[in-house]
Amino acid sequence: MPEQETYPHAPILEAVLDIRVRSLSSFSEDHLNELRVREQSTYPGFRRPFQVQFKVERTDPALEPTSQVSSLANGGAMVSEDGLQLFQARPDGFSHNRLAPYKDWASFRSEARRLWNLYHEVVKPEYIEMIGLNYINRIGLPGGVEISDYLRAYIQVPPELPQILEVHNFQVQMADPESQAKMSIVVTFGSIDASERIPVTLNVQAFKFLNRASADLTEDELWTTFDRLRDLKNLVFESCISERVRADFR
């Protein structure tokens, strides 16, 4: 697979490297606190995401049901001083996020690998269920242009219908027959902005279900698989855009 061109003005808003795990022992606050202490100098900020749980009970058919809403702690996200990098540690896995400006795959991969090794050492997950990459790109198209001149993945509206769209988004998922990895494209068009450009969000995902015991998966095998997912992600992205769009990134 050919190497993708490195764009000086890449449209990446956020890159996420994700590893979903399963453990026989529960993820605890002690795990999270140890990770926070060990990464305090690099990721001094902290955010606490929550899951909201709704519970409805009807103890007596003659009475109205009662409801209860509670917030459950779901790990935490450590944030770099500049706010551009996140290290997420959760009961179901690990994520490394890089916000714009995105530099390159080598540095993103290197930091994600370092953080994963730390998470793996502290949390000791027994199984790795899935790994994936998610790249969110923002592309601005001039207003009034033919979309096909810029994008190769979009919904074609029949010419008999109004061409001024209020909602325009779609999702496609494919499988790579060689690696059995999955690829997903989510394209969303926004309303024309003050600069007379149409914002398009192109979300490209590449992921693979492993369902492997952590002890049976070598570090090199894991990151070689990520390299393959990155190649697939690049293939999807490049296939979705035209040369006119690439010119804006150079």
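Guide: L17 touches F94, S95, H96, W105, F108, A112, G132, L133, W223 and F226, leaving aside residues up to four places away in sequence; contact here means heavy atoms within 4.5 Å. This is a predicted model, in which local features need pLDDT of at least 70 and side-chain atom pairs count only at pLDDT 80 or more, while totals for chains, interfaces and linings use all residues. Residues are numbered from 1 along each chain as its sequence is written, and side-chain values use heavy atoms, with hydrogens and water left out.

L17 is among the residues with the most contacts inside the largest nonpolar core, together with I19, Y119 and F226. That core has 56 residues; a nonpolar core is a set of buried Ala, Val, Leu, Ile, Met, Phe, Trp, Tyr and Cys residues joined through side-chain atoms within 4.5 Å. Buried means under 20% relative accessible area, exposed over 50%, and partly exposed in between (1.4 Å probe, protein chains only). Helix 2 gives the most to this core, with nine residues. Helices (H or I, at least four residues) and strands (E, at least two) are DSSP runs, numbered from the N terminus.

At its start, a side-chain oxygen of D104 comes to within 3.4 Å of the backbone nitrogen of A106. Just after the helix, K124 takes a positive phi of about 55°. The buried residues of helix 2 include W105, F108, A112 and Y119. Its buried residues pack against strand 1, helix 1, strand 6, strand 7, strand 8 and helix 3 (219–240).

Nine strands form an open sheet in the order 2-5-6-7-1-8-11-10-9, with antiparallel pairing; two strands pair if DSSP finds at least two bridges between them. Strand 2 (45–47) and strand 9 (168–175) stand at the edges with a single partner strand each, so one side of each has no neighbour in the sheet. Strand 8 (residues 127–142) and strand 11 (residues 197–213) run antiparallel and are joined by 15 bridges. Helix 2 (residues 105–123) packs on the sheet, touching strand 1 (12–22), strand 6, strand 7 (93–99) and strand 8. The direction of helix 2 makes about 150° with that of strand 7; axes are lines fitted to C-alpha atoms, for helices over the stretch in contact, and angles run from 0 to 180 degrees between N-to-C directions.

Definitions and conventions: A polar contact is a pair of N or O atoms within 3.5 Å; within protein, one must be able to donate a hydrogen and the other to accept it, and residues adjacent in sequence count only if both atoms are side-chain atoms.
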